[in-house]
Amino acid sequence: LVVFAFPDWFAKVQSDWPHASHNTSFPLFRSANDQPLSRQLNDFLDSGPPPLVLTAGTAMAFGKKFFECGLEAAAKTGKRCLIVCSFQSQIPSNLPE
């Protein structure tokens, strides 16, 4: 069995894929400890157009350059940006307001 972790609308099963293939949809983690968004984050989201979201994944401990490039691209295009990262050390120190 080959399990694909994405829904059919994301990519239809192709004829050259293994016959024992099954699409399960995106895996979503739901925790009993889920918390509402912070007031600071809600205020940011409500204060302008939807931001670009930069995330290198929950286990990416070497994404500093990725975030730096993303921030540069956001600045060049005049977009707001939200960084989601589990590792504070990967977030650039010179963030714009």
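**Cysteines, a patch and a loop**

Cys85 has a relative accessible area of 22%, so this residue counts as partly exposed. The model shown here is predicted.

Stay with the cysteines for a moment. How many disulfides does the count give? The count comes to zero. The cut-off explains this: a disulfide needs two cysteine sulfur atoms within 2.5 Å. Look at Cys69. Its closest cysteine sulfur belongs to Cys81 and lies 12 Å away, which is too far for a bond. Cys85 is in no disulfide either. For Cys85, the nearest cysteine sulfur is again that of Cys81, at 12 Å.

Which residues make the nonpolar surface patch? Trp9, Phe10, Phe26 and Leu28 do. Together they form a patch of about 520 Å². To place one of them, find Phe10 in the loop between β1 and β2. Strand β1 covers residues 2-4, and β2 covers residues 21-23.

Next, follow the chain past β2. Another loop runs between β2 and α1, and Ser25 is found in this loop. Helix α1 spans residues 39-46. What is the phi of Ser25? The angle is positive, about 90°, although Ser25 is not a glycine. Is Ser25 buried or partly exposed? Its relative accessibility is 32%, so Ser25 counts as partly exposed.

How values were computed:
Residues are numbered from 1 along each chain as its sequence is written. This is a predicted model: local features need pLDDT of at least 70, side-chain atom pairs count only at pLDDT 80 or more; totals for chains, interfaces and linings use all residues. Side-chain values use heavy atoms; hydrogens and water are left out. Patches are made of residues with over 30% relative accessible area and no salt bridge: like charges are joined within 9 Å, nonpolar side chains (Val, Leu, Ile, Met, Phe, Trp, Tyr) within 5 Å. Accessible areas come from the Shrake-Rupley method with a 1.4 Å probe; for residues, only the protein chains shown count as cover. A salt bridge is a side-chain nitrogen of Lys or Arg within 4 Å of a carboxyl oxygen of Asp or Glu. Helices (H or I, at least four residues) and strands (E, at least two) are DSSP runs, numbered from the N terminus. Buried means under 20% relative accessible area, exposed over 50%, partly exposed in between (1.4 Å probe, protein chains only).
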